[in-house]
Amino acid sequence: MDWYVFNGLRTLTADWQSRFARQALPWGFLLISVTVTVVFLVGINSFNSAKGMTPFHEWMLSLFLTFFVTKLVFCIVLSLGDLGRFVAGLVGQHKPGEPYFPQRRKFISEIAILLAALPFTSFFYAMFRGKYDYKVHKHTIYYDELPDAFDGFTITQLSDIHSGSFDNVEAMQKGIDLANAQKSDLFVFTGDLVNNAAWEIEQYIDNFSQLRAPFGQFSILGNHDYGDYIQWDSEQAKRDNLEKLKRHHKELGFRLLLDENVELEKNGQKISLIGVQNWGRGFIQIGNLDKALQGVDDKAFKVLLSHDPTHWEEKVRYHKTDVHLTLSGHTHGAQFGVETAGFRWSPVQYRYLDWAGLIKQNNRHLYVNRGFGFLAFSGRLGIWPEITVITLKKKRA
């Protein structure tokens, strides 16, 4: 691909007056593209080390993807032009001494570079601006069973902070301030505080400990919080990391729910907040919903925190106990896609049935948060980082 693009750029610059410019564009492209690829490939071996994928590795992966997609578009357009040359060579008449195939036309290279500029600029926007372009999603859900005292009760949800990926503290802080500005009654965090290791959140404890709500701050673990995706010196070191992460939740002011529940009381009436450890299709499955529901009144209004939406798909929505609202995250919406009025698409939809937003089946709701942070690809395009605000309302006859 690099060599094909290189030759396309040589066609583009063939009639440029400056010899330096004619050489600089194709050779400069080749040097940068090959360098990015080599650095990315060399760094792959350290992804599962004690530190895992650092922001530097994520940037190199992101640059590699940017160049790869850009080159792919360029090559597709250029190949269509070359296909035309090939057909013209087969069916055309040829004079002695003339090339059998027509020469590549400059305007084909111009079209190729114009179209390739679209993914190139889009990916760079995603990396420099999109990943911190926080959006507030507000939803009001009506329930018959909601106690009168909780009519209008608000919940702010964050999910998938992935603190090991941040590279701009000032931009990240704007998201925290925006979440606090919602002034909700309750704050919940639905898993993946880190990419792999507890130390990743330590430099941001002062930032995220600013999140406060009158009825408290509650959290659960996500699949990345268990440290399953990097190498540890021993199983004990891995267990120690998880215990350290649990302590960090406390330092943040979060009450970590590990297959357990708490009652929230207002004006003498109560609702149950339930939190399970991670349970996901294709991921770690240790969350125990039955254990988490122990002691919960069957008639109580229930809000469940469960990181992976497949838990709702396979367990929660069919459970004998009516769980009214489940709050999840995990998918990130793939950090890439299109969401407009009446149309939504993301590549993650081929992996997850419920990948973003509000879903209802009978009287049970699932909300899938698009994530606050980012992972692997150091950017977001079309699927922006999310702060969710849910308002619970009493359904009136």
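What follows is a conversation about a predicted model of one chain.

Colleague: How are the residues numbered, and which pLDDT do local features need?
Modeller: Residues are numbered from 1 along each chain as its sequence is written, and side-chain values use heavy atoms, with hydrogens and water left out. Because this is a predicted model, totals for chains, interfaces and linings use all residues, side-chain atom pairs count only at pLDDT 80 or more, and local features need a pLDDT of at least 70.

Colleague: How many helices and strands does the chain have?
Modeller: Helices (H or I, at least four residues) and strands (E, at least two) are DSSP runs, numbered from the N terminus. The C-alpha atoms of the chain fill a box of roughly 95 × 55 × 35 Å, taken along the principal axes. Within the chain, the secondary structure comes to 10 helices and 14 strands.

Colleague: Are helix 1 and helix 2 roughly parallel or roughly antiparallel to each other?
Modeller: Axes are lines fitted to C-alpha atoms, for helices over the stretch in contact, and angles run from 0 to 180 degrees between N-to-C directions. Helix 1 (residues 2–13) and helix 2 (residues 19–43) pack with their axes 8 Å apart and at an angle of about 165 degrees. Angles under 35 degrees count as roughly parallel, over 145 as roughly antiparallel, 65 to 115 as roughly perpendicular and the rest as oblique, and helix 1 and helix 2 are therefore roughly antiparallel.

Colleague: How many nonpolar, polar and charged residues are in the contact of helix 1 with helix 2?
Modeller: Contact means heavy atoms within 4.5 Å. The residues that make the contact include Trp 3 and Phe 6 of helix 1 and Trp 27 and Phe 29 of helix 2. Ala, Val, Leu, Ile, Met, Phe, Trp, Tyr, Cys and Pro count as nonpolar, Asp, Glu, Lys and Arg as charged, and the others, Gly among them, as polar. By these classes, the contact of helix 1 with helix 2 has 11 nonpolar, 2 polar and 3 charged residues.

Colleague: How do helix 1 and helix 4 lie relative to each other?
Modeller: Gly 8, Leu 9, Thr 11 and Leu 12 in helix 1 meet Lys 106, Ser 109, Glu 110 and Ile 113 in helix 4. The axes of helix 1 and helix 4 are 8 Å apart, and the two pack at an angle of about 120 degrees. Helix 1 and helix 4 are therefore oblique to each other.

Colleague: What is the angle between the planes of Phe 120 and Phe 124?
Modeller: Both residues lie in helix 4 (residues 106–128), 4 residues apart, about one turn of the helix. Rings of Phe, Tyr and Trp (its six-membered ring) pair if their centres lie within 6.5 Å, and planes under 30 degrees apart count as stacked, over 60 as edge-to-face and the rest as tilted. A search of the whole structure finds 26 aromatic pairs. Phe 120 and Phe 124 form a tilted aromatic pair, 4.9 Å centre to centre, and the angle between their planes is 50 degrees.

Colleague: Is Thr 391 buried or exposed?
Modeller: Thr 391 has its place in strand 14 (residues 386–394), and, not counting residues up to four places away in sequence, Thr 391 touches His 139 and Phe 153, among others. Buried means under 20% relative accessible area, exposed over 50%, and partly exposed in between (1.4 Å probe, protein chains only). At 18% relative accessibility, Thr 391 counts as buried.

Colleague: Which residues is Glu 251 in contact with, leaving aside its neighbours within four places in sequence?
Modeller: Glu 251 lies in helix 8 (residues 235–251) and is partly exposed, with a relative accessible area of 45%. Leaving aside those neighbours, Glu 251 is in contact with Ile 205 and Ser 209.
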